[in-house]
Amino acid sequence: MKTDHPLKTFRVERQMTQGQLAAILGVSDATITHIENGRRPVTPKNAIEWEAKIGVGRDLLCPEIFGPAKVWAGDTVSEPHQEAA
């Protein structure tokens with residue numbers, strides 16, 4: 001089962017058009033279309049900027065870089081801390 005891209009979920013919940021979201025994010029309508037349809041990934045730079053603009057987490061927008069397998073200190077990645085047994 002395929003789930004909607006987080007940008008689409010955000011947009012639909014707020015009853016926005018792709019054009020309206022594109023204007024907020026500073027990109028073209030086509031970029032939003034391509035991202036929502038899985039034809040273009042969100043770049044790490046855009047994920048950070050868009051998180052600040054619309055509040056959708058960078059881990060959702062760019063999970064291959066900011067996903068839950070990483071621990072974050074600011075915008076720097078480090079490996080998760082493992083407790084000694």
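Which residues in H1 meet which residues in H3? The structure is a predicted model, in which local features need a pLDDT of at least 70 and side-chain atom pairs count only at pLDDT 80 or more, while totals for chains, interfaces and linings use all residues. Residues are numbered from 1 along each chain as its sequence is written, and side-chain values use heavy atoms, with hydrogens and water left out.

The protein chain has 6 helices and 2 strands, where helices (H or I, at least four residues) and strands (E, at least two) are DSSP runs numbered from the N terminus. Followed along the sequence, these elements give the pattern α-α-α-α-α-α-β-β. Of the 85 residues of the protein chain, 27% count as buried; buried means under 20% relative accessible area, exposed means over 50%, and partly exposed lies in between, with a 1.4 Å probe and protein chains only.

The opening question can now be taken up. In H1, Leu 7, Lys 8 and Arg 11 meet Ile 32, Ile 35 and Glu 36 in H3. Sorted by class, this contact of H1 with H3 has 3 nonpolar, no polar and 3 charged residues, where Ala, Val, Leu, Ile, Met, Phe, Trp, Tyr, Cys and Pro count as nonpolar, Asp, Glu, Lys and Arg as charged, and the others, Gly among them, as polar. Two packed helices are described by the angle between their axes and the distance between the axes. For helix H1 (residues 6–13) and helix H3 (residues 29–36), the axes come within 8 Å and cross at roughly 115°; such axes are lines fitted to C-alpha atoms, for helices over the stretch in contact, and the angles run from 0 to 180 degrees between N-to-C directions.

Glu 36 has its place in helix H3, and with 8% relative accessibility Glu 36 counts as buried. Leaving out residues up to four places away in sequence, Glu 36 touches His 5, Leu 7, Lys 8, Arg 11 and Gln 18. Glu 36 and Pro 6 are 30 residues apart in sequence, and their C-alpha atoms are 8.1 Å apart in space. Arg 11 lies in helix H1 and also counts as buried, at 11% relative accessibility. Beyond its neighbours up to four places away in sequence, Arg 11 touches Met 16, Thr 17, Gln 18, Leu 21 and Glu 36.

His 5, one of the residues that Glu 36 touches, is placed in the segment before H1 and is buried, with a relative accessible area of 18%. Apart from neighbours within four places in sequence, His 5 is in contact with Ile 35, Glu 36, Val 42 and Leu 61.

Leu 21, which Arg 11 touches, leads on to helix H2, where Leu 21 has its place. At 0% relative accessibility, Leu 21 counts as buried, and, not counting residues up to four places away in sequence, Leu 21 touches Leu 7, Phe 10, Arg 11, Met 16, Ile 32 and Ile 54. Leu 21 also belongs to the contact in which Leu 21, Ile 24 and Leu 25 in H2 meet Trp 50, Lys 53 and Ile 54 in H4. The residues of this contact divide into 5 nonpolar, no polar and 1 charged. The axes of helix H2 (residues 18–25) and helix H4 (residues 44–54) come within 10 Å and cross at roughly 105°. H2 and H4 are therefore roughly perpendicular to each other, since angles of 65 to 115 degrees count as roughly perpendicular, those under 35 as roughly parallel, those over 145 as roughly antiparallel and the rest as oblique.

Gln 15 lies in the loop between H1 and H2 and is exposed, with a relative accessible area of 74%. Most residues other than glycine have a negative phi, whereas Gln 15 has a positive phi of about 55° although it is not a glycine. Gly 55 is found in the loop between H4 and helix H5 (58–61), and at 58% relative accessibility Gly 55 counts as exposed.

Conventions. Contact = heavy atoms within 4.5 Å.
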